[in-house]
Amino acid sequence: MKYQVQENCLTIFLPEDVDHHNAEEIRREADRLIDREHIRYVIFDFADTGFMDSSGIGVIMGRYRKVYMMGGEVCAVHASERMKKILTMSGVMKIMQIYEEDK
Amino acid sequence: MEHVGDVTNEMELTFDSHSSNEAFARVTVAAFMTQLNPTVEEVADVKTAVSEAVTNAIIHGYENRRRKVHIRAWTEGKSLYLEVSDEGVGIPDIRKAMEPLFTTRPELERSGMGFSFMEAFMDELEVESEPGRGTTVRMRKEVGRGRDLWTTQSL
């Protein structure tokens, strides 16, 4: 998993599959960085992601709750049509913007 | 490619309830369903549904103890049938468990959308469970519908 921190913004480059198996690691690693680097904005980069189930939705909602309390936001970039469908169906778009081109 | 027609083909799969097998399970079912000549979208739908059912068995059925998860898949005409079962703790209130956003494990950040996703991505969903005995999720999806629409439509 790759991460990038720029000031108070964390970009999470999500893996090919976002399922229960690797949701744990994303969550752990992201939370460690959010706390340590005082992150307010989390960008989920779906460029490499072809599969996501409801475990991924849990990861997004959890990180949203975490940064929202500090006035932050979460957003998504490079989401494929399939990812947009999953995100839309889950209702997570109510709390998260999807940006089409680069952040 | 020749159509399978009404011939029924069946497969069974049993694996340890370890989270690394979630990918194995959905990829195997995806490979099995290719005989129905599915669209990319349909394969993705089935993979999501399988992933949800298997994850439920691992987290909720077995509460992360190492046991066996079973998948039975078969084709009938243009339909893919799936049965995902465990011999875990079972679900005391199925109706409640199937409510969107309901989760018994908020501390694990479960979104509570597992059954909603299965319902949305498959054509039929049925859950049978007995506390202490285990849970079986049955699903059906008609495959190739999208492709027919696409190929028979006049431009």
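Chain B and chain A bury about 1,900 Å² between them, 53% of it on carbon and sulfur atoms; buried area is the accessible area (1.4 Å probe) that two parts lose on being put together, summed over both. Within chain B, R26(B), E109(B) and F117(B) lose the most area to chain A, together 29% of what that side buries. This is a predicted model, in which local features need pLDDT of at least 70 and side-chain atom pairs count only at pLDDT 80 or more, while totals for chains, interfaces and linings use all residues. Residues are numbered from 1 along each chain as its sequence is written, chains are lettered from A and ligands numbered from 1 in the order in which they are written, and side-chain values use heavy atoms, with hydrogens and water left out.

**Interface between the chains**

- The contact (heavy atoms within 4.5 Å) draws 25 residues from chain B and 21 residues from chain A.
- Eight salt bridges are counted between chain B and chain A, a salt bridge being a side-chain nitrogen of Lys or Arg within 4 Å of a carboxyl oxygen of Asp or Glu.
- In one salt bridge, the side chains of E41(B) and K85(A) meet at 2.7 Å, N to O.
- On the side of chain B that touches chain A, the elements giving two or more residues are α1 (21-33), α2 (40-61) and α4 (114-121) of chain B; helices (H or I, at least four residues) and strands (E, at least two) are DSSP runs, numbered from the N terminus.
- The most residues on that side, ten, come from α2(B).

**The pair R63(A) and E109(B)**

- R63(A) forms a salt bridge with E109(B), with the closest N and O atoms 2.8 Å apart.
- This pair crosses between chains, from helix α2 of chain A to the loop between α3 and α4 of chain B.
- R63(A) counts as buried at 1% relative accessibility, and E109(B) is buried as well, at 16%; buried means under 20% relative accessible area, exposed over 50%, and partly exposed in between (1.4 Å probe, protein chains only).
- E109(B) has a positive phi of about 60° although it is not a glycine.
- E7(A) also is not a glycine and has a positive phi, of about 50°; it lies in the loop between β1 (2-6) and β2 (9-13) of chain A and counts as exposed at 77% relative accessibility.

**Nonpolar cores**

- The largest nonpolar core has 33 residues, and V46(B), V50(B) and L82(B) are among those with the most contacts inside it; such a core is a set of buried Ala, Val, Leu, Ile, Met, Phe, Trp, Tyr and Cys residues joined through side-chain atoms within 4.5 Å.
- α2(B) gives the most to this core, with eight residues.
- Apart from it lies another core, of 32 residues, including L10(A) and I39(A).

**Salt bridges within the chains**

- Over all chains, the whole structure holds 27 salt bridges.
- D35(A) pairs with K66(A), the closest N and O atoms being 3.1 Å apart; D35(A) is in helix α1 (residues 20-36) and K66(A) in helix α2 (residues 54-68) of chain A, 31 residues apart.
- The side chains of D45(B) and K141(B) meet in a salt bridge at 3.3 Å, N to O.
- D45(B) lies in helix α2 and K141(B) in strand β5 of chain B, so the pair ties together parts that are 96 residues apart in sequence.
- Both D45(B) and K141(B) are buried.
- Salt bridges that share partners join E10(B), R72(B), E83(B), E126(B), E128(B) and R138(B) into one network.
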